[in-house]
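User: Could you walk me through the spaces inside this model and the terms used for them?

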Amino acid sequence: MIQPFTTPESGYTLIPKEGAIETQTIEVSMGPHHPSTHGVFRMDVVLDGEEVKRLKPVFGYLHRNHEQLAEKMNWLGSIPFTDRLDYFCSMSNNWAYCHAVEQLAGIKVPERAEYIRVIMAELTRLINHSCLAGFLLSDAGAWGTPLLYAFREREKILDLFESVSGARMMCNYMRFGGVRADVSDDWLACARKVVENYPRFLDELEALITGNEILLARTQQVGILPRELAINASVTGPMLRASGVDYDIRKVDRYGIYDRFDFRVPLGEVGDVYDRYYVRILEMRESVKILQQALRDIPEGPFDAGVKMRNFKVPAGDGYGRIEAPKGELGFYLVSDGGTRPYRYHVRAPSFINLTILEDMCLGHKVADVIVILGSVDIVRGEVDR
Amino acid sequence: MLGNGLLQGLVVTARNFIRSYFDPERLTTVQYPEERVTLPENSRSFPFLVYDGTPDNLRCVACKICEQECPPQCIYIEVERDPKTGKPVRRPRVFDIDYSVCMQCQICAEVCPFDAIKMDQVYELAGTDRFGGMLHDKAALLKSNEYYHQIRPTEADEVDARLSQSKKKVSPPIAKPAAVPPAQPVPPKTDV
C-alpha cells in the first residue's frame, strides 16, 4: 500500500488508489511561456505519468493595474484602455464600458449609433471566433494553416475598422452616447461585401477542419464541462452555451437594439471541446445574419448624442452594464461620486471567470489535452490579468 | 470512410495553394519595404502640431487641455512668457510628446478646441535610443497645414472651413485670437 503523500511545493496531498502500481507524481510548471498562443500563462500541473492529477492556473503575469488606472483618470480616458483588455475585441470592450456609463448617466443613444455599434460588435465576434478556431487548432497540432486562413479573413475586417476608426486593433471608437465618427456609404458597401463573402470562408474553414478525423479524436469527449458545473462556476458565453444552457445576454437583456434582429442561439449537447468549437462556428453564421439585417436597415441620422467629452461628469450612483462580448459576459461595475472620474471601476472579464473552471475540465486527461482544453476556453491574457 | 474528412481538408489547402498563383484575390500579402499598402485617410499614428504658413505661426495656444486629458500623460507643456512683462503669451515654450508612452488614442486631437494637434500617419519611427530618442520636442512635432492637407484632405478641409468661420466671428483685430479664453485646466480633484 502506498502511503498518501504531500507534494512539497503546492502542499497538495495525493491519496493513491487501492491496489495501484506504485508510481511517482511529478509537479510540472507549464509556462509561463509554453501556452504562448494565449499569452503569458502558467499552470502548475501535478502529473501521474501523463495523467493530470491537479492543475492550478497561475494568473497575473500581464497585470497592468487597469482598474486602479481608470479610477485615477477621467471617464473618457478609460476608453482607450478598455481596448487593451481583450485586444482581439476592442470594439466590444468599448461598447461594454460606454454602455455602463450611459446607463449610469442616463444618456440616450441615437438609432444610427446603435446600428453602427451592433455592426462593429458582430464584426468583432466574427474576428474573435474565426481566430479562436485557428488558435484552437494550433493547440491541437494543426500548426499555422487554419490560423492563417482565419487571419486572412480577419485582415479584411481590420481594414474596415481602420478606415472608420483609424486603428486596426486599438480602435477607441465608441463614445458616451454614440460613436466617434460616422460611417460613410462607401464603408457600408465594403462591409456588405465582406459580410456577403464571409459564409464562403466559413464553409471553407469547415471543409478544412470540422470533419477531420484527427480533430474529432482530439476534441470529442475531451474536457467535458457539465451543465450544472458551468452554471455554478458562472461561466458565460459560448462555453456555457456549449454545455447546453440557453443564456445569451443579447437575448436575455436585449440591450441596444438586439430585439430587432432575427437570430438564434446555438447550443451544444455534450459540452466537450468539440462542442465549444462548433458552437462558435454556428455563432458566426448567426452573426452574419445579424450583420446582414443591420447593414440593410441602418437609418440615417446623428451618430452621437452630442455629449461633451471634456469634463464629462456622471451623476453619483452605481451601476453595472454588461454586454455579450465574444468571450462571454463582459460587464463594468462603476461607482460614481458625481465627479469627473469613476470612484470605483471594476471589470467582470469573461475569460478570467471562464478560466477558473480549467482544473475541473482537465482532471484525468493527458497533458496534450490540457493545451487543447485551454485553447477551447478562449482566453486573452490582457483581459484575464488586466 | 475513415480519413475522408482529412482528405477533404487537404483538397481545400491544395485548392488555395494553386489558386494563390493565379487569383489576385488570394495574394493577400505585399513585399513590404518595396511595396506599401496605402493607408486609409482615417488611419492614425502619433500626434503632431499644425502651423499655418511659417513655423512661428502655430495654432497651439498652450491651453494645456490635451496635457490634462491625455490618458497615459505623455504630453508636457510650458507656456511661453513675455521676457519684459513676465506675462504668459499664448504660445507653448516647451511642447514635448513622449512617443514611447503615447498610445495613439487620438484623444488629444479630439479635445483640442483650436484644432492645433492632429494625428500623423508616419509609422517608421524605430530608433536606437530608448530613453531620449522617442521624446519629440516642439521642433520635431511641428508640421505644416499643407502636410495635414496631404495626409487627410477631407478632414483638413473641414477644419479650415471651421477655423475661417470662427476667425470671422472674432472680427478684425487678430491680436485677440479666439473667442473662447483658453481656460486654465480645472485642477484635478484628489481622491481620498
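Analyst: In the classes used here, Ala, Val, Leu, Ile, Met, Phe, Trp, Tyr, Cys and Pro count as nonpolar, Asp, Glu, Lys and Arg as charged, and the others, Gly among them, as polar. By those classes, the lining of the second largest cavity has eleven nonpolar, two polar and no charged residues. This is a predicted model, where local features need pLDDT of at least 70 and side-chain atom pairs pLDDT 80 or more, while totals for chains, interfaces and linings use all residues. Residues are numbered from 1 along each chain as its sequence is written, chains are lettered from A and ligands numbered from 1 in the order written, and side-chain values use heavy atoms, without hydrogens and water.

User: Why is a space called a cavity, and what makes a residue part of its lining?

Analyst: On a 1 Å grid over the protein atoms alone, a cavity is a set of points where a 1.4 Å probe fits but cannot get out, whereas a pocket is an open set with protein on both sides within 12 Å along at least five of seven lines; lining residues have an atom within 4 Å of a point. Four cavities of 30 Å³ or more are present.

User: What lines the second largest cavity?

Analyst: Its lining has 13 residues, with Cys70(B), Cys102(B), Cys105(B), Gln106(B) and Cys108(B) nearest the centre.

User: How is the lining of the largest cavity divided by class?

Analyst: It has 13 nonpolar, no polar and one charged residue. Nearest the centre of the largest cavity lie Cys60(B), Cys63(B), Cys66(B), Cys112(B) and Ala116(B).

Note on methods
Points joined across faces, edges and corners; volume = space filled by probe spheres on them.
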